[in-house]
Amino acid sequence: MSETKAVGDWPRPVSPPIVSPESKPFWEACKTGKLLYKHCGACGEPHYYPRTHCPFCYAAETEWREASGRGVIYAFTVVRRAPTGPYAIAYVELEEGPRMVTNIVRCDFDALRIGQAVRLVFQPCAGDTDAVAPMFEPA
Ligand SMILES: [Zn+2]
């Protein structure tokens, strides 16, 4: 079992990702500060999480695109009774359209609102890894 490390002002340890050949470009991009999603060349729909086949039309003509990092809170909840202290889980709707499950960090939990503008930040994962996880903070 690896030792968990404190992560700046985000003390809740996040497990490093299980990287597959399909998801490797995504996680490698995260390390360079880029959030990727997929765009379907057949039907034109963007999607997240990234998949080789479009979840709307099942075509395999998907391509990687970089998200702007801007979005709004679509839904959220604050988990207040946790051993690591409170944290917020949210669906963030990216400016490009897809919604992603993530955490809202560096925020006043009582001030979070649906529709609130947020921006992308990356938080280091726990343990002996250089992996980072995409999260959001108030914009
Ligand atoms: Zn499609």
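## The nonpolar core

A nonpolar core here means a set of buried Ala, Val, Leu, Ile, Met, Phe, Trp, Tyr and Cys residues joined through C-beta atoms within 7 Å. Buried means that 20 or more other C-beta atoms lie within 10 Å of a residue's own; exposed means 12 or fewer, partly exposed is in between, and the C-beta atoms are placed from the backbone. With that in hand, the largest such core has 18 residues, and I73, A90, V92, I104, V118 and F136 have the most contacts inside it. At least two of its residues come from each of β4 (70-79), β5 (87-94), β7 and β8 (132-138). β8 gives the largest share, 4 residues.

Leaving out residues up to four places away in sequence, V118 touches G71, V72, I73, V92, I104, F136, E137, P138 and A139. A contact, by the way, is a pair of residues whose C-beta atoms, placed from the backbone, lie within 7 Å.

## What kind of model this is

This is a predicted model: local features need pLDDT of at least 70 and side-chain atom pairs count only at pLDDT 80 or more, while totals for chains, interfaces and linings use all residues. Residues are numbered from 1 along each chain as its sequence is written.

## The chain as a whole

The protein chain has 1 helix and 8 strands, and from the N terminus on the elements run α-β-β-β-β-β-β-β-β. Those elements are DSSP runs numbered from the N terminus, with helices being H or I of at least four residues and strands being E of at least two.

For size, the C-alpha trace spans about 45 × 35 × 25 Å along its principal axes. Buried residues make up 20% of the 139. Of the contacts with a separation of 6 or more, 48% are between residues 24 or more positions apart.

## A three-stranded sheet

An open sheet of 3 strands runs in the order β2-β1-β3, with antiparallel pairing. Its edge strands are β2 and β3, each pairing on one side only. Two strands count as paired if DSSP finds at least two bridges between them. Strand β1 (residues 36-40) and β2 run antiparallel and are joined by 2 bridges; K38 stands opposite H47 in β2.

Most residues other than glycine have a negative phi, and most peptide bonds are trans. A few spots here go the other way. The loop between β2 (46-47) and β3 (62-66) holds Y49, and the peptide bond from Y48 to Y49 is cis, with omega near 10 degrees. Y58 is found in the loop between β2 and β3 too, with a positive phi near 70 degrees. Y58 counts as exposed because it has 11 C-beta neighbours inside 10 Å.

R106 is not a glycine either, yet its phi is positive, about 50 degrees. R106 is in the loop between β6 (99-104) and β7 (117-124), and counts as partly exposed because it has 13 C-beta neighbours inside 10 Å.

## Before the helix

P21 lies in the segment before α1 (24-31). With 7 other C-beta atoms within 10 Å, P21 is exposed. The C-alpha atoms of P21 and Y58 are separated by 19 Å, and the two residues are 37 residues apart along the chain.

Notes: Contact = placed C-beta atoms within 7 Å.
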